[in-house]
Amino acid sequence: MYVDISGLSRRLAAARLAANTTRYLHKINHRSASLLSTSSLSQWSDLQRRRRHLVTTIKNTDPTFYFPSNIKNDMVNLTPPQNAPRWDHTPEEVVQLMKDAITQYKSVSDKVAALPSTECNFTTARLADAEARFDVVAEPLTFYQNVATSKELRDASTQAEQLQRDFGVEESMRLDVFQAKIAAEKNLHETGAFEELTSEQQRLVKKMVLDGKRAGLALPEEDRTQLMALQKELSQVVVEFMRNFNEEDGHVTFTRDELEGVPEDVISGYTKRVEGDKEVYDVTFKTPDIFPVFRFAVSPTTRQKAYDAHESRLAINVPLLERALDLRRRIASVLGYKTWADYVTEVKMVKTGGSAQTFVDDLEAKLRPVGIKEREILLALKKDEHEKRGLPFDGEFYIWDYRKAFFRWILKTLSLDDSVVKEHFPVSVVVPTILSIYQNLLGVKFVEITGEKKDVWHPEVQQYAVWERDANDHSAFVGYCYLDLFPRAAKYSHAAVWGLLPGYDLPSGDRHYPLTAMVANLAKPTPERPALMRHDDVTTFFHEMGHVFHGLLSRTQYSRFHGTAVARDFVEAPSQMLENWCWEHKVLEKMSSHYEKQVPLSPDLIEKIIQSRYVNVGLFYLRQLFFAKFDLKVHTDTEPTDYTKLWTEMRERISLVKSGEPKPGQGSFGHIVGGYDAGYYGYTYSLVFAADMYRTVFKRDPLDPMLGQLYRSKILLPGGSRDEVVSLEDFLGRPPNSDAFLDEIFGSSKSGENANL
């Protein structure tokens, strides 16, 4: 493949020079930037030869350049310029602090609304500062509901979120504030002041006006009143749905015989009790507990029982989802949109619900023949096992057969045993190694906060201050990071990252620094073994750390553009790109160490892991498309339906697996109310960009700090302060395309196929 190396050199040089103009990026040697900016190389090998010579020269003259072992700074003694938030709130404080924050925000809005239209100008942007200060208070308070062990505190956090949401609806519907924004935009253009604003300031003005139009403030008063009532009711439904989702703490019970095939180290972690005259095991629906049953249990009846219980665990949410969908249809109609999907996608990269539908339809058509062939292979494996074990075989392939058959396929074709791989990924090794990889790649340093200075919501949480790698004083502070990695009762049950504090410029000229928190549910230690991670757990952790750094290393003037505040169908792309590191030989070797032998994965085992990546790729992506297409359908249909029946029918048709009796799996589809409504397609849509970024820039050397700086300055730093396609073109040196994505799935990109970007 031809690569425009001279263009890459110029972009690297630009990244270096940009880094030098901000204290935010790692110190870059001017001599390096100068050489790269004047390079006219056309071949990568020649560039690499010159770069190696340059790095050697730099190392001789500046030993601290990208060589962390030589750094003499004692960062432990550095004091962050911003205190970390406290985590000892009482339930009463949580609610009162939210009320106080609302009062303060409202007072700013009142002042802006009271301005004569002739006096409205860019100082109206004080609303942006008020919004940021509000979020600094509100986000940590509403976060408690995901992690607090106290039910009273979780309930208070949920109440605070409801106050926040209700106020958000009221604020978005203030006609007087909207008229002040309109007047400010008009005055800025008429006086020529708009052209003197920075591009981010101009974007802020446009977005603030667009917010009002999308809220319906150009509609008659009767419609606005109706909209406010509908939006408030929708926010209440969403809060209740997510509270049920977060606090789900159910289980399914099996005897020891029913768990035949499940590894002993997994079973030892289950709660064992006596029921009648026999011992039973309670298996929670947390991923480390339930997934081994899907994958290893010999009995199809056990797997079906586990699946049915898991799929039905949030049946309580079914009527709430029905109500949310009805409210969204009514809101879209009042606002003048054909469907909720059209309303949501208007501000995304895809632009319309129709375009999103075309994307998933076309991809399904390409994947279906691949998935059918894979299903035939898995079905044959199931038949073979049933014959050997004397089990009945009805010729069907059920969803509870999928993980079991896939594991056998990998074991048979590659002799790859997931349980052996897991032994090489102890949490105590993987987590610090991944942190080290990110630190070296992006030029930062994590310093753990311990002892009396540590302030967290649970003793297991790790707290870090994050600094530039060459930090000498507080000016090189980046922000805070928290890791909450292990499951516990009533904790958020998946893996996700919260941007609890935004980074932005204060009116005083100082900086407000960000805070990101990762919540995960890694397997805990058992009596027999330390905490171990499957390879897909490692990949998930690497992915989520990508979101952490998107939140930490963004550098925008306004908080509304900070970090992951990008189009929802792009937000996953950086983290999806970073998943590729978990399929690279040298990275797998680096972050693996057998929990007993202290040796990394063997080259042979690493090669098998890499080969397994695209085994079953058709069925994997068809499953993703099932979620995406269900999400789009319920947000484009104009009438309600039996959503449990629809969920089952669409899963069987698209995912190519039978489901048995319909189960209310849509009740646990948290994305559909958690911000990805009419947006789940974005997980696959953004993979196109992820594949392009990785192959074009990082594939040659994913651990190269120079490429890390390019990524940091072109993708992470701007956040949402410019259009996502601009950031992509700046990073890639050309418009994005789907060639790399199609190559990954189908082996080669076909002429004329562009995945409908």
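Which strands does helix α5 (residues 126-147) lie across? In this predicted model, which numbers residues from 1 along each chain as its sequence is written, local features need pLDDT of at least 70, side-chain atom pairs count only at pLDDT 80 or more, and totals for chains, interfaces and linings use all residues. Side-chain values use heavy atoms, with hydrogens and water left out.

Helix α5 lies across β6 (477-484), β7 and β10, and runs at about 145 degrees to β7. Axes here are lines fitted to C-alpha atoms, for helices over the stretch in contact, and angles run from 0 to 180 degrees between N-to-C directions; contact means heavy atoms within 4.5 Å. Helices (H or I, at least four residues) and strands (E, at least two) are DSSP runs numbered from the N terminus.

These strands belong to an open sheet of 5 strands with mixed pairing, in the order β4-β5-β6-β10-β7. Two strands are taken to pair if DSSP finds at least two bridges between them. At the edges stand β4 (444-448) and β7 (496-501), each with a single partner strand, so one side of each has no neighbour in the sheet. From one strand to the next, the twist averages 25 degrees. The partner of β7 is β10 (residues 515-519), paired in the antiparallel sense over 5 bridges. Within this pair, Ala496 stands opposite Val519 in β10.

The sheet also meets the second largest pocket, which has a volume of about 350 Å³ and to whose lining β4 and β5 (462-468) each supply at least two residues. The largest share of that lining, 3 residues, comes from β5. There are 18 lining residues, of which Leu78, Pro80, Ile449, Lys453 and Ala465 lie nearest the pocket centre. On a 1 Å grid over the protein atoms alone, a pocket is an open set of points where a 1.4 Å probe fits, with protein on both sides within 12 Å along at least five of seven lines, and lining residues have an atom within 4 Å of a point. Grid points are joined across faces, edges and corners, and the volume is the space filled by probe spheres set on the points.

Turning to helix α15 (residues 353-389), Glu364 has its place there. Glu364 counts as buried at 10% relative accessibility, where buried means under 20% relative accessible area (1.4 Å probe, protein chains only). Leaving aside residues up to four places away in sequence, Glu364 touches Leu622, Leu625, Lys629 and Ile654.

Across the chain, the secondary structure comes to 28 helices and 10 strands, and buried residues make up 57% of the 757 residues.

Notes: Buried means under 20% relative accessible area, exposed over 50%, partly exposed in between (1.4 Å probe, protein chains only).
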